[in-house]
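Please look over the sequence and the structure shown here before reading on.

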Amino acid sequence: MPFLHTATEKIYYEVHSPVFTDKTEIIVMVHSVITDHTLFDSITAELTQHYSVIQYDLRETGNSASATGEISFEAHIEDLFHLLHTLHIKKCYLVGVGFGGQIAVKFAARYEFLIEGLILLSLPFYSDSTLQKIKRCYNEESKKQIPVDKIFELGKLESLEPTNI
């Protein structure tokens, strides 16, 4: 299994491509919270007919592990940057779904020079009252076994100001 190792993190990734060369356009897939890289398995075969596709597991999901247990946008953004840097990727299309879409937006804002295009699927946006209703439902159903507070803390858009999008 291919892993990207840092001082504290072990990030699992897969590169899918018929021929991985510097001239092949690259798509990097960022999954949602409570899923892993396999979320994209059903479309990867189709995409690899024309693109190299990189799927990876965010910290603490799938095959990835974190010695620090830190889960934050900052940590996810730096993991993605480190992955692209390690694989010598100079430009890519970034696809993010749900929470992964928020990581993709924040990553693209910081590292615009690495982004050829940005594709966002099902970006979460909830009002505070909706978040509270969902939180109550999760807490009642899961008996607090799911880290609901952390999921919602990370899963809400911070601002819809045009300068932040």
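This is a predicted model: local features need pLDDT of at least 70, side-chain atom pairs count only at pLDDT 80 or more; totals for chains, interfaces and linings use all residues.

Residues are numbered from 1 along each chain as its sequence is written, and side-chain values use heavy atoms, with hydrogens and water left out.

**Overall layout**

The secondary structure comes to five helices and seven strands, where helices (H or I, at least four residues) and strands (E, at least two) are DSSP runs numbered from the N terminus. Along the sequence these elements follow the pattern β-β-β-α-β-β-α-β-α-β-α-α. Of the 165 residues of the protein, 40% count as buried; buried means under 20% relative accessible area, exposed means over 50%, and partly exposed lies in between (1.4 Å probe, protein chains only). The protein exposes about 9500 Å², of which carbon and sulfur atoms supply 55%, the areas coming from the Shrake-Rupley method with a 1.4 Å probe. Among contacts (heavy atoms within 4.5 Å) between residues at least 6 apart in sequence, 68% join residues at least 24 apart.

**Helix α3 and its surroundings**

Helix α3, residues 99–110, has 12 residues and reaches 17 Å from its first C-alpha to its last, close to the 16 Å expected at 1.5 Å a residue; that expected span is 1.5 Å times one less than the number of residues. Nine of the 12 residues of α3 are buried, so the helix is largely enclosed by the rest of the structure. Among these buried residues are F99, I103 and F107.

The strands β6 (residues 92–97) and β7 (residues 115–121) run parallel and are joined by six bridges, pairing being assigned if DSSP finds at least two bridges between two strands. V97 stands opposite L121 in β7. Together, β6, α3 and β7 make a right-handed β-α-β unit, meaning that, with the strands pointing away from the viewer, the path from the first strand over the helix to the second runs clockwise.

H76 lies in helix α2, residues 73–86, and is buried, with a relative accessible area of 2%. Leaving aside residues up to four places away in sequence, H76 touches L58, R59, I71, F99 and I103.

**Salt bridges**

Side chains of opposite charge can pair when their charged atoms come close. A salt bridge is counted here when a side-chain nitrogen of Lys or Arg is within 4 Å of a carboxyl oxygen of Asp or Glu, and the count comes to four salt bridges. Among them are the following pairs.

| Pair | N to O distance |
|---|---|
| E9 and R59 | 3.3 Å |
| R110 and E74 | 2.8 Å |
| R110 and E78 | 2.9 Å |

The side chains of E9 and R59 meet in a salt bridge. This pair links distant parts of the chain, with E9 in strand β2 (residues 9–16) and R59 in the loop between β4 (52–56) and β5 (65–66), 50 residues apart. E9 counts as buried at 3% relative accessibility, and R59 counts as buried at 8%.

R110 forms a salt bridge with E74. R110 lies in helix α3 and E74 in helix α2, so the pair ties together parts that are 36 residues apart in sequence. R110 counts as partly exposed at 38% relative accessibility, and E74 counts as partly exposed at 41%.
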